[in-house]
Amino acid sequence: MCVIYAHIAFEHFVPQHSHNSLPFGRPDTRAQANEVSFDDIFNLDIEIEEHVRAFNTLCDNIVALEEPSTQEALHEHFLYFAGKQAQVFNFATSTKIAARTWECILESLAVVLLRLHQVKYGQRRGEDAIVGGTLTKILIVFFSSNNPLDTEFLSELNKFDPTTLLMSFIPVILHDHGKLSIKWSDNLLKLLRLALVSAWTRGVEGLTFHHQSLVDGLPRNLTTAQKVFFGTGAVTHTRAICPKCETLFDGPEFPARCNSKRFPSSSVCDEPLTETRTYQHKGESLSRSYPILPLEEQDWPSWKARWLQQDGIEEMLEASQKYMAKQHHEDILRDFRDGDAVRNLCGPDGKPFFVSSALRTAWTISGDHFNPYFNKLAGKKASTGCYAMLCISLPPSVRYRPENVFLITALPCDPSVDNIPFTLGPIMRRINDQWKSGVWIKSTPCYPSGRREQSIVANLVTDMPGGSKLCGRAQHNHGKHFCAMCLLLKSNINTIDPSCFPMRSCLQERDAAMRWLQADSQKARDAVFQETGIRWSAFWELEYWDPTSMVVVDTMHNLWLGLAQHHCRLMLGIDWKRHNKFKATVDSEHPTYTGFVNPTTTELDKGRAKLQKAQSETQLHGVKKNVLWVLSYEAGIELTPVKEMTVPTLTRRLWVSTGSL
Amino acid sequence: MPSNEVIGSELVDLCMDETQQRRSRPIRDALTKEECRFLQNSIRTTVRPPSHRAPPSNLGDEGHGKLKADQWRSLLEFDVPVALAQLWSKESQSETVAAEVAERKEKMLTATMYLSIAIELGTSFSTSRKKAEQYTEYMIKYLQLLLHLYPSMALTANQHTALHVGPLLPHFGPAPGWWMFPFERLIGALQKVNHNYQRGQHSFFVDLLIKPTNHLPKASSR
Amino acid sequence: MVKTFANASGMKRLLSNSACPAVLRQTLPIINRSWAMDEGLHIEEDHVYPNIVKGYQRLIGDMPGLADALKRYFSSTGQHDHSVPTKVWSTPSVTIGRTKFSPVTVQQKESRIIYLDHQQVPVAGEIQIVFKLGKGSDTYLIGVRRYLPAPLDAANPLTAFPEFGAIVVLSALGDLEIIPATTSIHCSTSLAASWKTNTLIVKNTSRI
């Protein structure tokens, strides 16, 4: 076991800051640590050996564990060994000396620390399973300093008593996967403890010593239980979004006020970015600053390192990679991997992406906004934007499982079209790094000594409005360019020969986007948008991004919710009464009655009568908007732009043009 | 059974006089009340496997709520074409119906069939270049027929975008590989995942979402 | 929210690992069902899942026509020396790919089947029995009665659109015949609506 610990300590993929572009993706700390010589290691080894001997003598001769002197001595040993472990670990990851040298030292340290805890928290001799009392404490201590591989973590878990393990596991599962609140997860732990006691009680004798210690060792609350299983290793970073200009700030330190400038000539945003909160800790009142709009972003390289350790994933990905590197000769396409899109992807060297000795995977990215409260909070429109990635290289049967879905982040706000490139920009840059240099995984099931992995985003899957916003294109209500896929003008919308569609060109789109970005005022930006229908998009940070071949039309929304619904409702008249966006599209010279249902004839008659009898504008008050609309049309009043046609405006115009007659 | 009315009675309310007919939306090819009942009956009596959710059998009446995407799809996939084929085919229309009206209705039936076939081709689980071409062909036929029946109609953005789906099929593979269903499911799952909003406490997450909406009343502890 | 999801999917990853303690792994089917993110909307896998529950023996004479149908089946598949047994092991359903099929007496909705016959023509029928020849056998057989073909009706507009995929049949059933429960005959359930009197319109629901 302890040999494996040593192996884990530095052979595993190391923390998040390592994915800058160094040759093997190793952390930059190399340059900073002082170089350690072999003599230093030798002396360190001897020093530790002496302490270990002293510790073992102490343990063998313990009379009373509770005596203050014993406790003090144990504590001193603990401080020494834990400190040495941290120091050695630091050396192991930062010096040029080979790993093997450090293995033995770390091995002995691990043994010692384990024994220390066993002594401190009691272990009956001869018991096979470590007593429940040590369940949380051993794991928390050991795994907080290492980053264990899944298999090692699980083999540790295997040593514990199965019943207490399951009892600790259940509230964690219900909290993480289900909707159980923290308070009730704590209650559940208490209830499970009662259940255990009741199950193990044998008549008047009560519980055996073994069972009593197992029950005592159960975690007391959800947080402790979660720590036991925290070998899940989810690494997230906290970022901050400015509430006003919606720019994303990478951590870990945030300025107190937003210092971003939209334009070179504009002033600094200066919106408060963080707030300080005081909290009590061990009797003291401390304060910390928290971002006002925080954002949790999951770290993709660490996620990938753990993801690849799953059984069979790596083989599947390699098979897909080989498959996508070849041409697809069959007529029939059954999956994304059979299409042309993946075969046109290129690597950073310009060659086909999937032809490489590194592991290369294709992903699809998606973003959508939703209300996390199901609209329960009346009137409050909270919006969360969820951005996730699916791995196309996996077969469909496995692709959609939650352990294979990478959730990038959940934005706490819905940025406006002008701000969204600056909110997502930093995130996209990190995703681009994964294509350019990828991540060096120090150990995978197929390659125990490590391999490089690079990922590319093959396409963007969203519904049309969301997708247009993310790509910086105009939505269907733009005056000229209403289509996200081509440059057809709105006046030619009835063209149905696809060969007549003027298609977009990637270069032109990028040029227009750059013009938008480099414009020096919001007005200039709006002018560019009016003319070209393009804004800058965060996706241009991906160097391989080609919106003409990477953006999809979601068939679910388009064909089923769009065409099928339109045909049934408007063409066939099924359910038309409930269709509140009833458009008068039959005769195009007539205005569109957006947002309300056509008035009935009785209502119209009443409205006309009122108009005839009215002596002043005020007598027209109370007439409904749809009636006003029809009456205005009859009177020949210009009825666009639709947005300005509020009830007062309609009433005034109607009165002015007809009422005075 | 097809009735003698040209326009259903509830639509008469909508378009009384000539001028009003021009301005509002005369759905001349709409289903009459009786035809609607026939469709509802057909939906109710169709035997479906459990995996296929039926559209509401009171379709068109009050109270059935919004339909989901797969319900619209199953309407177009089977229920509506089969019901219309019994109502609006040339042979099944009664002689008292004006020839022009009968012809329009038959053309509408053809349009429905075209749309149904196009949608199936576009969303099938396997595709090929031929299938993608067939999809575009049927979609063009459908839109052409619609424009023929309503010459002054302007196509919607969705209908135009549907013509772009054809080239995407050989490019990305069959539609189920790149539609929104998995992400919609993920969002559904996320909505159920615990996000520690505790009733009665002004939690951190509430601050996260409510504070930015400064113009709305602040979330008070309940 | 992100942290919880990240932990949750990390937990699932650990549970899927074969090194996970067995006591925790047993929670995996329960959790999978609630996630249900990989259900439906999938390309069919090439599997026939045996249904283990509630099979029982039936005398072959209980179902009229079953013995003759089996005889015909054996001779058509070249198993001339296979004798017709006296008992078969009947099950309430069988799952081919991702679709469940059941006899009409068990679940009417899952009993309408469309399959390819010897001439590779799609045929609609109603399942009468699902059975195995022996309790330990792996191959499932389905006893199905075809709907009789309807006379060609030029007046039916659905026949003018063969791509629509509708099959017009009479609601009367033919003789019992046996088909093997494999993916090679492209079994699928169907939607069935009645068309005028005694005629049914049947359409394939498989995800092809």
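I began at the end of H15(A), where Gly472(A) follows the helix with a positive phi near 80°. I took helices (H or I, at least four residues) and strands (E, at least two) as DSSP runs, numbered from the N terminus. The model is predicted: local features need pLDDT of at least 70, side-chain atom pairs count only at pLDDT 80 or more, and totals for chains, interfaces and linings use all residues. Residues are numbered from 1 along each chain as its sequence is written, while chains are lettered from A and ligands numbered from 1 in the order in which they are written.

I then looked up the burial of H15(A). I called a residue buried if 20 or more other C-beta atoms, placed from the backbone, lie within 10 Å of its own. Seven of the eight residues of H15(A), residues 464–471, are buried, so the helix is largely enclosed by the rest of the structure. Among them are Met464(A), Lys469(A) and Cys471(A). Their packing partners include strand S6 (359–370) and helix H19 (555–571) of chain A, and also helix H7 (157–162) of chain B.

I turned to chain B, which has ten helices and zero strands. Of its 222 residues, 45% count as buried.

Last, I checked chain C against chain B, with contact meaning C-beta atoms, placed from the backbone, within 7 Å. I found 29 residues of chain C in contact with 32 residues of chain B. On the chain C side, S10(C) gives the most, with six residues.

How values were computed: A residue is buried if 20 or more other C-beta atoms lie within 10 Å of its own, exposed if 12 or fewer, and partly exposed in between; C-beta atoms are placed from the backbone. Two residues are in contact if their C-beta atoms, placed from the backbone, lie within 7 Å.
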